[in-house]
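Work through the exercises below with the model open. Each task is followed by its solution.

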Amino acid sequence: MTALEYLPLALLDGVVSGLMLALVALGLSLAFGVMRIVNLAHGEFYMMGAAACLLAVRGGLGFWAGLLAAALLGGALAVLVDVSVLRRLEYGLAPTIIATFGILLVLQQVALAVIGPAPSSVEPPLSFLLSLWGISYSGYKLLVAAASLGAALAVWLMIRSSELGLKMRAVQQNRGLAEALGIDSGRVMTVGFVVSGVLAGLAGAMTAPIRQVHFLMGLDALIWSFLVVVVGGVGRVGGTVAAAVGIGLLESFTALLLPPTLSRVLSLALVLAYVAVRRLV
Amino acid sequence: MAGRSRYSVGTPVLSAIVITALALLYTLLPDYGRTLLARIMVLSIYSYGFAVSFHLLGVMSLGHAALFASGMYGAGLYALRSPVGGPPAALAAGLASSLIVSVILCLVTLRTRGPYTMIATLLLSQALYLLMLHFNEVTGGEQGIVLPRQATVAWQLEGVLGEAGSRYFIALAGLTAAVLSVLLLQRSRLGRILLALRDDEDKLESLGYDRRLYRFIGFSVSGLLSGLSGSLYALTYGYMGAGFAGVMYSVQPILWVLVGGPVIELSPFIGCLAVGILSDLASGLVRGHVLVVGLGLVAIAFATRRLVWMSRLLGRLEGVGR
């Protein structure tokens, strides 16, 4: 096959891997974009979700129980981190970054102790191939992509139209005024952070059958999530999804010409150039 | 806001006492203690490099490992591949490569503020780390490369001091250089301009100073010190690895400079020493070192709410003001 014949596959793979990235980045888009919490442990919530799914499958409970466990674990970790650390730091930027960096390292060590140092794979719950434009493609991957779109839509609707979303935006814009109007700002932050944690956990479990589960997988997820949140425009869920798909496409097309690591470095360099030129406040 | 410690004669005298004590301590310590202290001293030079950006520039970088590792590879690869000039030339190569990376780091963060500075620096160091992993035939990847003994400074001085002794005193010389440069910088015109840049860059610019130029200079000093540390690490221990560009080495200096206290001339070393000894004690556990750093960071984040100097220091970070 020549490179040209790979194009439709590259296109599809780019969109799908972009949507998978969007699924991980959604929680961060909510926490960082809407609530301005710089949670460096976000990738570790994702990793713990994948690990929970792995343990459930290993324990014979099956993938769907693992998915549920991952969501619960992600939410529980978020509550724990928020109530015991972030709230007490009053979400100050520098202390939050320092503390969540520490939590990142601690969670990595916990995962290392539980699932061990070797990467493990999880069997997908459904394995079927779909034929699209003459290409066979994993049905499970398409399912994850669709779930990602659905989750993005739900988060967008939540921020835009629900009372919680309204309160979240109000607390972010003017905390004192929001509190004067009777909004329990601490509770709003906690609930929002928990949604972010649940999303990260779900993303980890859903991508576990596609990528391998490893205790160091969180950092990569964190970096790429920040990247798409920043490029897509902070606080804009649609922008996050668009940026993720853009990056997915960029990577899958450059991967036709370059080795995978170099294509990642290229995307990083492009984003860095963007950050260097545009004033972001 | 001029802290008394900054201009008083106390700090230079105290620094001299610490350096002398470290030299004398060599005769008292057992071999294991000498090795541990030598490593801590080499790494604390990196801690000074970070402190220059943290205290003087008001930038909390999450990517300083890129500066450390580029110095390490610059020096190590030169020593490995070129027979010309020996260790001094290798050191120069290390310093030059970290200087280049510090210029890139400065460019990337020139227009960012607050969280974006931290994200941009994290992305940059990750890009360098991925590059090092990719070109693993050159860099040795995570496993790294062991330099032949003949290429290291430790070997060159072995006849005089023995291997452990030469490592120890090279580390001490580097540490002395770092302390001296920070002492001099603090008391120079340049140092005061940097502080003014940190505190109010608009005012400084209106007085006719070029904001970018001084930011470049500040980053270069920070990069040179970090690169000195990386170069000395490669040239005394004869080892370099991509792991040193990883996130662990970017985050540790944050802990060091905060644990050490408010005095920029001494606290980077004191913090590095305290964390180093604690990590060494904990290394009996499985990778206990990482846990110590992780829990230490959470603890220090809480301490920033209690200790006035810490919250002031963090409050001066650009775009973070509370």
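**Exercise 1.** In which helix of chain A is A:Ser148 found? Then decide: is A:Ser148 buried or exposed?

This is a predicted model: local features need pLDDT of at least 70, side-chain atom pairs count only at pLDDT 80 or more, and totals for chains, interfaces and linings use all residues. Residues are numbered from 1 along each chain as its sequence is written, chains are lettered from A and ligands numbered from 1 in the order written, and side-chain values use heavy atoms, without hydrogens and water.

*Solution.* 
- Step 1: A:Ser148 sits in α5, residues 139–161 of chain A. Helices are DSSP runs (H or I, at least four residues), numbered from the N terminus.
- Step 2: A:Ser148 has a relative accessible area of 1%, so A:Ser148 is buried. Buried means under 20%, exposed over 50%, partly exposed in between (1.4 Å probe, protein chains only).
- Step 3: Leaving out residues up to four places away in sequence, A:Ser148 touches A:Leu19, A:Ala22, A:Leu23 and A:Leu26. Contact means heavy atoms within 4.5 Å.

**Exercise 2.** Compare the reach of α5(A) with its expected span.

*Solution.* 
- Step 1: α5(A) has 23 residues.

**Exercise 3.** How accessible is A:Leu270?

*Solution.* 
- Step 1: Find A:Leu270 in helix α11 of chain A.
- Step 2: Its relative accessibility is 47%, so A:Leu270 counts as partly exposed.

Key
Helices (H or I, at least four residues) and strands (E, at least two) are DSSP runs, numbered from the N terminus. The expected span of a helix is 1.5 Å times one less than its number of residues.
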